[in-house]
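Please examine the following structure together with its sequence.

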Amino acid sequence: MNCHDARAARFARDLNSEAEAHLAACARCRAMSEEIRRVGDELDDPALWEEPGPDADSMVLAMLGGGASSPASRRSGVWWMTGAAAAVVLVAGIGGLLLGQRHPADWTAVVIGSESAPDASGVVRGWNMASGTRVVLESRGLAPAPPGHHYEFWFIGDGMAFSGGTFLDPARVELLVAVPRRDFPTLLVTLEPTDGDPTPSDVWVLASED
Amino acid sequence: MISGRMRRRFRTGDPEAVRAFYEEFGRAVFAVALRALGDRGLAEEALQQTFLRAWQASSRFDPDRDPGPWLYAIARRVAIDIHRRERRHAAVDEQPEIAVLPASFESTWELWEVRLCLDRLPAEERAVVRAIHYLGLTHREAAELLSIPIGTVKSRSHRAHRRLADMLSHLEEATA
C-alpha cells in the first residue's frame, strides 16, 4: 500500500488494518496527518456539497455577457418626457448610503454597451424600498467621464425618464432613486454634457435588455 | 481545467472565457461563501460579486498563472466585505465592531481545493462520493439509491477517493 491508497481509504472512511498501519508508520503521511484529517472532514461538510440556486446561476451567466444583444436599435433620440419635478435623488460614492443593505438584491438587471461604448457592460442591483429604490451599478469597459461631461443613470418607462443621479466614475456607483422600479422597466446610462439640460442626451452608453 | 488559451481570452474579458471560469470555479466560490457566511442568500450574492469583480479585474489577471488562487482571494475578500457589512448593520450602537473574523472563515482554502477536486471527478464517481459523504449512506444504501450493484459502488468509491488523494497531493508540497 502506498501513501495515496492509504489516504484514499481514510477519505472513504474505509480504513483497513493495512491502511492504518501505513498512515501510522509512513513519515510523509504522519507529517500530513492534520491535512489528511481536515480534507476528510471537509468531505462530510454539507457546505461542500451545496449548489447555488438556478436563479443565481442564470443571473451570473447573464451578467457575464452570455447572449446579450446590442441596444443600438433603441438609440432613436429623445422620445420621452423627463420626469416632472425630477425624482429626489441622492448619490453616494463607494461605501456610502447603501452600506446598510442587508439582503440580496430584490432585482438584478444586466446592462450592455451601445454603439458608442460597444465594449462596456455591467449589472444593476436594486432594493425596493417604501421611499423608492436603492441601486448599485457596477460596470466595466467605461472610462471615467471626460472633462465637461458626466454619466447619468435613468429609470425609463412609458415615455417617462427619471434621473437616478450623475457620477463621473461608472465602475461602481450607488444611488438612491425616489421612485419605484416597477413602473420603469428600462435602465439607461447616458454620457451627458454639463449643460444643465434635464433630458437624457443621445449618447447612450449602457442600457438594459428588453 | 482552464487552458492557457482560455486564460488569455479571459484576460481580454471574452464572455465565453468568463463563462468557462464560472463553470470551473463557480461551485467552489459558492462553497467558500456559504461556509464563511452561513447563509444561502448572502452566499449567492457573494458568488455574483466575486465574478463581477473578477470580470472587472480581468485585464490585470496574469494568464500564465493558475487562476484558482486569484479567484479564491477575490471570493474570500468579497465574503469578508459582506460579513462586515452585515455586522455593521446588526451591531448595537454601544457595542464596538469586532475586527476578528469568525471561525467560519478558517480552512476555506481546503474547502476550495476539495470542491474543485470533486468537480473534476467523473459524474458517476462524484455521485457515489456524494451519497456516502453528503447523504451519509452506506455502500448498500448508495447502491439502492443509484440503482447500481454494490460492487460498482465500492469500485467507484475507491477510484474516486484515490483520485481525490492524487489531486490533493499538492497539499503535501505546501505543507513540507
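## Surroundings of B:Val32

In this predicted model, B:Val32 touches B:Tyr72, B:Ala75, B:Arg76, B:Ala79, B:Thr108, B:Leu111 and B:Trp112, leaving aside residues up to four places away in sequence.

B:Val32 is also among the residues with the most contacts inside the largest nonpolar core, alongside B:Ala33, B:Ala46 and B:Ala75. That core has 95 residues. Helix α2 of chain B, residues 15-37, supplies its largest share, namely 14 residues.

## Composition of the two chains

Chain B contains 9 helices and 0 strands. Read from the N terminus, its elements follow the order α-α-α-α-α-α-α-α-α. Chain B has 176 residues, of which 38% are buried. When contacts in chain B between residues at least 6 apart in sequence are considered, 62% of them join residues at least 24 apart.

Chain A, by contrast, has 6 helices and 10 strands. It comprises 210 residues, and 39% of these count as buried. Of the contacts in chain A with a separation of 6 or more, 60% are between residues 24 or more positions apart.

## A helix pair in chain B

Helix α6 (residues 123-133) and helix α7 (residues 139-146) of chain B have axes that come within 10 Å and cross at roughly 130 degrees. The angle therefore makes α6(B) oblique to α7(B). The crossing of α6(B) and α7(B) is right-handed.

Which residues of α6(B) and α7(B) make the contact? From α6(B) the contact involves B:Ala127, B:Val128, B:Ala131 and B:Ile132, and from α7(B) it involves B:Ala142, B:Leu145 and B:Leu146. By class, the residues of this contact of α6(B) with α7(B) are 7 nonpolar, no polar and no charged.

## The interface between the chains

How many residues of chain A are in contact with chain B? The number is 40, and they meet 45 residues of chain B. On the side of chain A that touches chain B, the elements giving two or more residues are the helices α1 (3-11), α3 (27-31), α4 (33-43), α5 (46-49) and α6 (54-63), together with the strand β5 (132-140).

The side of chain A that touches chain B divides by class into 22 nonpolar, 6 polar and 12 charged residues.

Key: Residues are numbered from 1 along each chain as its sequence is written. Chains are lettered from A and ligands numbered from 1 in the order in which they are written. This is a predicted model: local features need pLDDT of at least 70, side-chain atom pairs count only at pLDDT 80 or more; totals for chains, interfaces and linings use all residues. Two residues are in contact if their C-beta atoms, placed from the backbone, lie within 7 Å. Helices (H or I, at least four residues) and strands (E, at least two) are DSSP runs, numbered from the N terminus. Ala, Val, Leu, Ile, Met, Phe, Trp, Tyr, Cys and Pro count as nonpolar, Asp, Glu, Lys and Arg as charged, and the others, Gly among them, as polar. A nonpolar core is a set of buried Ala, Val, Leu, Ile, Met, Phe, Trp, Tyr and Cys residues joined through C-beta atoms within 7 Å. A residue is buried if 20 or more other C-beta atoms lie within 10 Å of its own, exposed if 12 or fewer, and partly exposed in between; C-beta atoms are placed from the backbone. Axes are lines fitted to C-alpha atoms, for helices over the stretch in contact, and angles run from 0 to 180 degrees between N-to-C directions. Angles under 35 degrees count as roughly parallel, over 145 as roughly antiparallel, 65 to 115 as roughly perpendicular and the rest as oblique. A crossing is left-handed if the near helix is turned anticlockwise from the far one by less than a right angle, and right-handed if clockwise.
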